[in-house]
Amino acid sequence: MNDAADIAIVGGGAAGLAAAIFAAQAAPTGSRIVIVDGARTLGAKILVSGGGRCNVTHHVVTPDDFNGSRNVVRNVLAAFDVAATVRWFNSMGVELKREDTGKLFPVTDSARTVLNALLGRCRELGVAILTGTPVRSIERATEMGGRGSRRAEAHSNNPARQEPRPPDGRSSTSFCVHHANGTLMAQRVIVTTGGRSLPRSGSDGSGWEIVRALGHTVTDTHPALVPLVLDPTMFHAEVSGISHEAALSTFIDGKRIDCRTGSLLWTHFGISGPVAMDASRHWVVAKETGKRPEMRCNYLPPGGFEDVDPWLLGQASARPRTSVVSAIAQRLPERIAAAIVTHTNIDPATTLGQLSRESRRALAHALTDLPLPVAGPRGWNYAEVTAGGVPLAEIDYRTMHSRKVPGLHLAGEILDCDGRIGGFNFQWAWATGYLAGTAAAKSL
């Protein structure tokens, strides 16, 4: 099957759906917008995000919430901010609510509400969606010796359909999007194929090969926002299911490169929860680039050894017959307290009065600076986002237009920009989709 469109959007995830909607709203009357995606149904990542509730954005989003060129990120976020996102979803009938964490969810607590709204808006605007249609490659029509326009006309399955005609002075068809079922000719192409995270949703990294063949570069890519697996020697299996506030620090050669505080969840395989997911990127990137990262945990932030050691000493003076575990359990879940005490080679039945100076100091160090034996990330199947991608320097942040390929725009996770957990990556998808879709439409 061969077909033609004014704008082809390769990838129907969050960024792709946003780009399609904004393109359709800004394009000249009669323009044809087509989404092409390899999945049989769209929105798998949207449906599983936020525990099935879809964390649409965060009430405060800043460039510091992202890993990527600060200047580019700042300008992209300014072009389509959180307030714009809220208004946009309201216009589609999706009311958002802010939770104590600052995350914004649909009031229905259902990700299906978000996906249905996006798909419904696409239908209202006449956006064509080709599912089960994986794209193999994208070819610039000019590289075909000017044959692109004639080929689309000669091979179209619908003789009644006219090839899109841009204003005078513009080239006709710019791209041939070759997919599993034929070729789609398009004046403009927006690539929103995502990265490699959650490959079961359809993200396999193939988009990078497509844009690389067109002249773009792609940085090394790594799983990010991913749970971490700990060595079996750690006590994580004993406390699986328990969560508490903690600070995780990542070090390389003794130098701390990242530190963050949040909820830590212990699991049967290691650690998860917001703080571990956010910290994972820094450990993984360091490890996969040949460095030797170390992760340390402070169970009682923001205090350090100099705060906790005097506290233990004071507790021993005031309550000498209280067990060490009971004392720590005032500030941590009891099972965590018992695990740390045992891990420090202290008998859990030991009272504060029996605790030697050496053991007390060792315990204070364990509570504030305990090394975590990270074996590695849990893998791409559990990563929520990709670190790495097409460098932001290769796109114009005002339009998401490629600086390498005229007529090509990129948006979403395919770019080298990843945010922390909490709706930030969705905000990046909506913002880049807005810029790419609007700019591509206005260039017709």
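Predicted model: local features only at pLDDT ≥ 70, side-chain atom pairs only at ≥ 80, totals over all residues.
Q: What percentage of the residues in the protein is buried?
A: A residue is buried under 20% relative accessible area, exposed over 50%, and partly exposed in between (1.4 Å probe, protein chains only). The C-alpha atoms fill a box of roughly 90 × 45 × 35 Å along the principal axes. Of the 444 residues in the protein, the buried ones make up 56%.

Q: How many helices and strands does the secondary structure of the protein have?
A: Helices (H or I, at least four residues) and strands (E, at least two) are DSSP runs, numbered from the N terminus. By this assignment, the secondary structure of the protein comes to 13 helices and 23 strands.

Q: Among contacts in the protein between residues at least 6 apart in sequence, what percentage joins residues at least 24 apart?
A: A contact here means heavy atoms within 4.5 Å. When contacts between residues at least 6 apart in sequence are taken, the part joining residues at least 24 apart is 76%.

Q: At what angle do helix 1 and helix 5 pack?
A: Two packed helices are described by the angle between their axes and the distance between the axes. Axes are lines fitted to C-alpha atoms, for helices over the stretch in contact, and angles run from 0 to 180 degrees between N-to-C directions. For helix 1 (residues 14–26) and helix 5 (residues 111–124), the axes are 9 Å apart, and the packing angle is about 35 degrees.

Q: Which residues of helix 5 make the contact with helix 1?
A: Helix 1 passes helix 5 in a left-handed crossing, meaning that the near helix is turned anticlockwise from the far one by less than a right angle. From helix 1, the contact is made by Leu17, Ala20, Ile21 and Gln25. From helix 5, the contact is made by Leu115, Leu118, Leu119, Arg121 and Cys122.

Q: How many nonpolar residues does the contact of helix 1 with helix 5 have?
A: Ala, Val, Leu, Ile, Met, Phe, Trp, Tyr, Cys and Pro count as nonpolar, Asp, Glu, Lys and Arg as charged, and the others, Gly among them, as polar. The contact has 1 polar and 1 charged residues, and its nonpolar residues number 7.

Q: Which cysteine holds the sulfur closest to that of Cys297?
A: A disulfide is a pair of cysteine sulfur atoms within 2.5 Å, and a search of the whole structure finds 0 disulfides. Cys297 counts as buried because its relative accessibility is 0%. Its sulfur is 10 Å from the closest cysteine sulfur and therefore too far for a bond, that sulfur being in Cys259.

Q: Is Thr438 buried or exposed?
A: Thr438 is found in helix 13 (residues 424–442). Not counting residues up to four places away in sequence, Thr438 touches Phe22, Ala23 and Ala26. Its relative accessibility is 13%, so Thr438 counts as buried.

Q: Why does Asp253 count as exposed?
A: Asp253 is found in the loop between strand 13 (243–252) and strand 14 (255–266). Asp253 is not a glycine, although its phi is positive at about 50 degrees. Asp253 counts as exposed because its relative accessibility is 72%.

Q: What is omega for the cis peptide bond that joins Pro301 and Pro302?
A: Pro302 is found in the loop between strand 16 (293–298) and helix 9 (305–318). The bond joining Pro301 and Pro302 is cis, with an omega of about 5 degrees.

Q: What distance separates the C-alpha atoms of Asn298 and Leu370?
A: Asn298 lies in strand 16 and is buried, with a relative accessible area of 11%. Leaving aside neighbours within four places in sequence, the contacts of Asn298 include Leu367 and Thr368. Asn298 and Leu370 are 72 residues apart along the chain, and their C-alpha atoms are separated by 6.7 Å.

Methods. Residues numbered from 1 in each chain as written. Heavy atoms only, no water.
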